[in-house]
Amino acid sequence: MQGEELAAAIEPLHESGIGWALACCGRDDDMAKEILQSAYVKILEGKARFDGRSTLKTWLFGVIRRTAAEHRRRALVDSARRAFGGRDDRAPAASPDPESRLVESEKGRAVRRALGRLSGRQREVLHLVFYEDLTLEECARVLEMSVGSARTHYERGKARLRRLLPREVAS
């Protein structure tokens with residue numbers, strides 16, 4: 001599957017892709033958009049190829065995850081360069097428009113705070129299972145880990161959320 005056929009197949013996954021990109025970059029909306037756009041460019045340029053060894057959604061989430069990791073590495077290098085007197089040639093980031101910010105419920109904030117206290121792997125696995133409806137096997141493929149590791153992160157993450165949420169909702 002290539003070109004327009006691949007683009008058409010990926011289009012229904014766009015909303016899920018946004019959610020996963022947000023999860024991969026700490027809910028930073030601008031960064032998530034940049035990561036998703038970079039992932040799409042990789043796909044369209046043929047730098048990321050779907051070979052059919054997994055579902056299209058699993059493959060796409062893997063591309064997004066690797067793109068986010070590359071973005072983080074670039075950001076660290078840029079940060080180090082600035083810290084040691086290098087130049088930053090990028091334009092300043094635009095501030096988010098007020099319409100894009102939603103009023104969040106207290107319960108939603110509590111869940112996000114609790115999720116933020118989980119390990120990164122636990123947070124990733126729970127996001128893929130609960131928000132993206134992936135199986136643990138598909139999560140393992142996206143996150144490039146064994147199914148046993150994915151299951152362990154899933155169980156430990158759920159247990160920790162159970163302990164954290166009552167305190168978070170009450171505060």
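Let's start with R65: at 13% relative accessibility, R65 is buried (buried means under 20% relative accessible area, exposed over 50%, partly exposed in between, with a 1.4 Å probe and protein chains only). A word on the source: this is a predicted model, where local features need pLDDT of at least 70, side-chain atom pairs count only at pLDDT 80 or more, and totals for chains, interfaces and linings use all residues. Residues are numbered from 1 along each chain as its sequence is written, and side-chain values use heavy atoms, with hydrogens and water left out.

Back to R65. Which residue does R65 form a salt bridge with? The partner is E144, with the closest N and O atoms 3.7 Å apart. A salt bridge here is a side-chain nitrogen of Lys or Arg within 4 Å of a carboxyl oxygen of Asp or Glu. R65 sits in helix α4 (residues 56–83) and E144 in the loop between α7 (136–143) and α8 (147–170), so the pair ties together parts 79 residues apart in sequence. Helices are DSSP runs of H or I, at least four residues, numbered from the N terminus. E144 is exposed, at 52% relative accessibility. R66 joins in: R65, R66 and E144 are linked in a network of salt bridges.

How many salt bridges does the structure hold? It holds 9. One of them joins R53 and D51, at 2.7 Å, N to O. R53 is exposed at 71%, while D51 is partly exposed at 48%. Another joins E45 and K47, at 3.2 Å, N to O. K47 is exposed, with a relative accessible area of 65%.

Why can such pairs form? Side chains of opposite charge can pair when their charged atoms come close.

Conventions: Helices (H or I, at least four residues) and strands (E, at least two) are DSSP runs, numbered from the N terminus.
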